[in-house]
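Please read these notes with the model open beside them. They are set out as numbered points, from the overall fold to single residues.

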Amino acid sequence: MSQTIIGNWLEQLTRSVEKRDLDAHMGMVSERVQVYGLPGGQVINYNQWKKRRHTEFSQAQLLALDYRLLNIRTITSRRLAFHVEETMRACNGMCVFIDKDIVLELETDDQWRVVEENIHHWKLGQVKKYHD
């Protein structure tokens, strides 16, 4: 059950980015969200996340998000914590590879939303281009 919830959440988040649907995207993010582990010790909250995604969508900067679930760390009736590798693909061919933990919480409206992210490591790279 928890694997399905996580998989569905990651799929919906990915789809919202592909469609550049800010409302759908932010509907998966808790208004209490906190993102830790950014350069300079910066912490991102809901409004900062929304502003960042708005810029990425409106200026066609972010092409896609891809995830590889590494393991589930915590399972309770209202909280799921898991470790993933996230790939943020930019429209210019650059990628950011992020190793992080995500915490989802079942909020009062019965929707699973991200309440916390902890970034452990990230690096820049480029998408490999394949030729036929």
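**Notes on the predicted model**

1. Contact here means heavy atoms within 4.5 Å.

2. Basis of the values. The model is predicted, so local features need pLDDT of at least 70 and side-chain atom pairs count only at pLDDT 80 or more, while totals for chains, interfaces and linings use all residues. Residues are numbered from 1 along each chain as its sequence is written, and side-chain values use heavy atoms, with hydrogens and water left out.

3. Fold. The protein has 3 helices and 5 strands, in the order α-α-β-α-β-β-β-β from the N terminus. Helices (H or I, at least four residues) and strands (E, at least two) are DSSP runs, numbered from the N terminus. The radius of gyration is 15 Å, close to the 14 Å that the globule rule gives for 132 residues, so the protein is as compact as a globular protein of that length. That radius is taken over C-alpha atoms, and the rule is 2.2 Å times the number of residues to the power 0.38. The C-alpha atoms fill a box of roughly 45 × 30 × 30 Å along the principal axes.

4. Burial. Of the 132 residues, 41% count as buried. Buried means under 20% relative accessible area, exposed over 50%, and partly exposed in between (1.4 Å probe, protein chains only).

5. Core. The largest nonpolar core has 31 residues, and those with the most contacts inside it are Trp9, Trp49, Phe82, Ile102, Leu104 and Val114. Such a core is a set of buried Ala, Val, Leu, Ile, Met, Phe, Trp, Tyr and Cys residues joined through side-chain atoms within 4.5 Å. Among the elements that give two or more residues to this core are helix H1 (2–18), helix H3 (46–58) and strand E5 (112–126). The largest share, 6 residues, comes from H1.

6. Phe82. Leaving aside residues up to four places away in sequence, Phe82 touches several residues, including Ile6, Trp9, Leu10, Leu69, Ile102 and Leu104.

7. Positive phi. Ala60, in the loop between H3 and E2, has phi near 50°, a positive value in a residue other than glycine. Ala60 is partly exposed, at 37% relative accessible area. Asp110, in the loop between E4 and E5, has a positive phi of about 65° although it is not a glycine. Asp110 is exposed, at 54%.
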